[in-house]
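Subject: Structure for you to look at

Hello,

Here is the structure we talked about. Please open it and keep it in view while you read my notes below.

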Amino acid sequence: MKTTEIDGTTRVCGLIGSPVEHTLSPLIHNMLARRLSHNLVYVPFLTRGGPEEVRRAVEGAYALNILGLNVTVPHKQTVTACLTRTDALAEKIGAVNTLVRAEGGYQGYNTDMSGLYRAMESDGIRLRDREVLVLGAGGAARAVAFMCVYYGAAKVWMLNRTLKKAELAAEEINASFGRRCIEPMALSDYRSLPGEGYLAVQATSAGLYPDVLGAPVTEPDFYRLVDTGVDLIYRPFETRFMRLVRQAGGRAVNGLKMLLYQGIDAYELWNGVKVLEDTAQEIYLRMKEELEKNE
Ligand code: ATR
């Protein structure tokens, strides 16, 4: 495929973090730029070091007229100190993955979570008024729990191997929303859940490549309570969690669409455009191909 012709008016976007070598983001954004005939290139910027280094990178990017940045591990929290404004959802989560150029500096967004929401919508998975199980209590699970409440879930149970961590996270999220919207629970206590037909979001690191046989819980009884399973992991493409959901008769999706839509959301913020579903689908297939190549 033809690459963008770089000239005097080319805009630059990129990714700061470490490591950045295996990212699929350049594929997403450069393909979007080509499809939408934008004179824009997206490049990875390996950014090591602590908060001071991140500040210098963000200030340098602004001085270089860089249109937008994505931020990945380990800078998603520290970067919040370098922004002129932070969007409401990102502010609640306390993590930013997208910087949008504005007057005087960059504004921060969390398109990981708006992207997850959009990915679920595109798969016909509704959040509003649903009862949701969030598995895990680390950074990813906290963000998912915030997102579920933010987008109108009726109730969220946060199930974690270590109960104490779920309790602390729930306390923080409940305080942030000013009501009891998150209920912490030990994963091993899932039998005391009051209902069934739950939407379960797998946000632990169990099952992440190379731990392909891992899952936060393996008992079929748990999966009988789950109607739809969303795994944030996309490598492997079908996780053990997804297999267990399917074996119990539920529907399961992986995190690749979340990755796609976090990119699309960022691209839309940078360029003030709306990406069509057909284009999204085309890029999704390219991402899938790329993953298969590396398997
Ligand atoms: P991240 O920022 O990606 O969420 P993290 O903060 O290290 O990563 O959190 C990892 C999460 O995965 C935790 O909720 C962890 O459970 P504990 O709090 O009990 O450690 C969960 N996790 C990791 N491996 C797991 C496993 N084998 N079974 C169940 N939960 C697991």
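Leaving aside residues up to four places away in sequence, Asp265 touches Thr111, Ser114, Gly115 and Arg118. Please keep in mind that this is a predicted model. Asp265 is part of helix α9, which covers residues 256-271. With one of its contacts, Arg118, Asp265 makes a polar contact from side chain to side chain, at 2.4 Å. Is Asp265 buried or exposed? Its relative accessible area is 12%, and because buried means under 20%, Asp265 counts as buried.

Next, the aromatic rings. How many aromatic pairs does a search of the whole structure find? The search gives nine. One of these is formed by Tyr117 and Tyr151, with ring centres 3.8 Å apart. Their planes meet at 5 degrees, so this pair is stacked. Tyr117 sits in helix α4 (residues 111-122), while Tyr151 belongs to the loop between α5 (139-150) and β8 (155-160). The pair therefore ties together parts of the chain that are 34 residues apart in sequence.

Another aromatic pair, Tyr190 with Phe222, is edge-to-face, with 5.3 Å from centre to centre and 85 degrees between the planes. This pair also links distant parts of the chain, 32 residues apart. Tyr190 is in the loop between β9 (182-186) and β10 (198-202), and Phe222 is in helix α7 (residues 220-223). Tyr190 is buried at 2% relative accessibility, and Phe222 is buried at 0%. Ring pairs join Tyr190 and Phe222 to Tyr223 and Phe241, which makes a cluster of these residues.

Now helix α1, residues 25-35. Why is α1 described as largely enclosed by the rest of the structure? Nine of its eleven residues are buried, so the description follows from that count. The buried residues are Ser25, Pro26, Leu27, Ile28, His29, Asn30, Met31, Leu32 and Ala33. What do the buried residues of α1 pack against? Their partners are the strands β2 (40-46) and β3 (68-71), together with the helices α9 and α10 (277-293). Helix α9 is the one that holds Asp265. After α1 comes Ser37, which has a positive phi, near 55 degrees.

Last, the ligand. Which atoms of the protein lie by oxygen atoms of the ligand? Asn160 places a polar side-chain atom 2.8 Å from a ligand oxygen. For Ala140, a polar backbone atom is 3.0 Å from an oxygen atom of the ligand. For Ser205, a polar backbone atom is again involved, and the distance to a ligand oxygen is 3.3 Å. On its own, the ligand has 650 Å² of accessible area, and the protein covers 66% of that.

If you want a place to start, find Asp265 and Arg118 and look at the contact between their side chains. Then go to the stacked rings of Tyr117 and Tyr151.

Regards

Conventions
Residues numbered from 1 in each chain as written. Predicted model: local features only at pLDDT ≥ 70, side-chain atom pairs only at ≥ 80, totals over all residues. Heavy atoms only, no water. Polar contact = N/O pair within 3.5 Å; in protein donor to acceptor, adjacent residues only side chain to side chain. Areas by Shrake-Rupley, 256 points an atom, 1.4 Å probe, with all protein chains shown as cover. Helix = DSSP H or I, 4+ residues; strand = E, 2+ residues; numbered from the N terminus. Buried < 20%, exposed > 50% of the residue type's maximum accessible area, 1.4 Å probe, protein only. Contact = heavy atoms within 4.5 Å. Phe/Tyr/Trp six-rings, centres within 6.5 Å; stacked < 30°, edge-to-face > 60°.
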